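Subject: Structure for your review

Dear colleague,

Please find below the structure that I am handing over to you. My findings follow it, and I would ask you to read them with the model open.

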Amino acid sequence: MSHMEKKAIVFDISGTLLKRCRAVKNMKTGEMSDEVSSLDIIDQIKDTILVVLQTDIEKTLLSASPNEKLYDFIKDNDIKMDISYSSSDFDKNELIPRLKNSNVLLSEFFETTRYLMKKNSFIQLCSGSAFIFNTKTNEVEYIITAAGELFPKISTVMETLKKRGIETFIASGDRFESLLELAEIMNIPKENVFETANTKKKAEIIKNLKQEYKVMMVGNGPNDILAFKKSDLAVLTLEQGEEISQKVHDAADVEINNIFEVLAIDF
């Protein structure tokens, strides 16, 4: 292949390659839901950010005391956090001092995890824990636990793309270790997995890859819009079966009903 003929496909994970399930707890009302989208919440509530905890739920979080404060847990265990999605710019280095006065306990994460496991029997991989933080009030507004299983035929899709000489990459807002686990299952090299990427980072990844490849971006949500716009071809997958906002539809060049249809796209 010549320089200009090299091709790459960048995949989002949750809702794109992974059939996503989640438990979302509203801290103000105590209401628990498995249908609410964390990205939609942030689009609707000004000055909020989605914070991903870069820690394994079972090994670290669930082995801690449920009565421990979230702030103390993060500080004592040196837990890395990343802003996966936001309604406005916010420096993540400000997060820990802002969390200091929060009384949120780890028991909230225990509760969302139990709810998730009770509602879903198919879970293949636990993406991790997150929370939605209001940067104006300094309050944790929602607690989130997410998990899922790979959509059918993913391995076939990846094998076929490899045979065609198309390089595959992962750019997602999910916990980095879970992305590496999924990449191993799908035989995607770990060097092709980018660390937890927010909306702007995804667009930057596409921009950089375009220096070497013709790039297709495959995603399913508002956090993929900037990457869609930077890519040579933007593909929106509807396999998750959730309602998608018009702005996401508008940003896509092609829409598919399942990930297997990627193989039929003239690219």
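In what follows, helices (at least four residues) and strands (at least two) are DSSP runs, numbered from the N terminus. Please note that this is a predicted model.

With that numbering, Asp224 is placed in the loop between β9 and α9 (225-230). Is Asp224 buried or exposed? With a relative accessible area of 0%, Asp224 is buried; the cut-off for that word is under 20%. Not counting residues up to four places away in sequence, Asp224 touches Asp12, Lys202, Met217 and Gly219.

The overall picture is as follows. The protein chain contains ten helices and eleven strands. Its radius of gyration is 18 Å, close to the 18 Å that the globule rule gives for 267 residues, so the chain is as compact as a globular protein of that length. Along the principal axes, the C-alpha atoms fill a box of roughly 55 × 35 × 35 Å. Of the 267 residues, 54% count as buried. The chain exposes about 12,800 Å², and carbon and sulfur atoms supply 44% of that area. Among contacts with a separation of 6 or more, 68% come from residues 24 or more positions apart.

I turn next to the aromatic rings. How many aromatic pairs does a search of the whole structure find? The search finds two.

Lys7 lies over the face of Phe267, 5.5 Å from the ring centre. Lys153 lies over the face of Phe260, at 4.7 Å from the ring centre.

Most residues other than glycine have a negative phi. Lys153, in the loop between β7 (139-150) and α6 (154-163), has a positive phi near 70°. Asn187 is not a glycine either, and its phi is positive at about 60°. Asn187 lies in the loop between α7 (176-185) and α8, and it counts as exposed at 60% relative accessibility.

Another asparagine, Asn134, is found in strand β6 (residues 125-134). Asn134 is buried, with a relative accessible area of 7%. Leaving aside neighbours within four places in sequence, Asn134 is in contact with Lys46, Asp47, Thr48, Glu139 and Glu141.

Finally, please look at helix α5, which covers residues 107-119. Its 13 residues reach 18 Å from the first C-alpha to the last, close to the 18 Å expected at 1.5 Å a residue. Which residues of α5 are buried? They are Glu108, Phe109, Phe110, Thr112, Thr113 and Leu116.

Yours sincerely,
A colleague

Note on methods:
Residues are numbered from 1 along each chain as its sequence is written. This is a predicted model: local features need pLDDT of at least 70, side-chain atom pairs count only at pLDDT 80 or more; totals for chains, interfaces and linings use all residues. Side-chain values use heavy atoms; hydrogens and water are left out. The expected span of a helix is 1.5 Å times one less than its number of residues. Buried means under 20% relative accessible area, exposed over 50%, partly exposed in between (1.4 Å probe, protein chains only). Rings of Phe, Tyr and Trp (its six-membered ring) pair if their centres lie within 6.5 Å; planes under 30 degrees apart count as stacked, over 60 as edge-to-face and the rest as tilted. A charge sits over a ring if NZ of Lys or CZ of Arg is within 6 Å of the ring centre and within 35 degrees of the ring normal. The radius of gyration is taken over C-alpha atoms; the globule rule is 2.2 Å times the number of residues to the power 0.38. Contact means heavy atoms within 4.5 Å. Accessible areas come from the Shrake-Rupley method with a 1.4 Å probe; for residues, only the protein chains shown count as cover.
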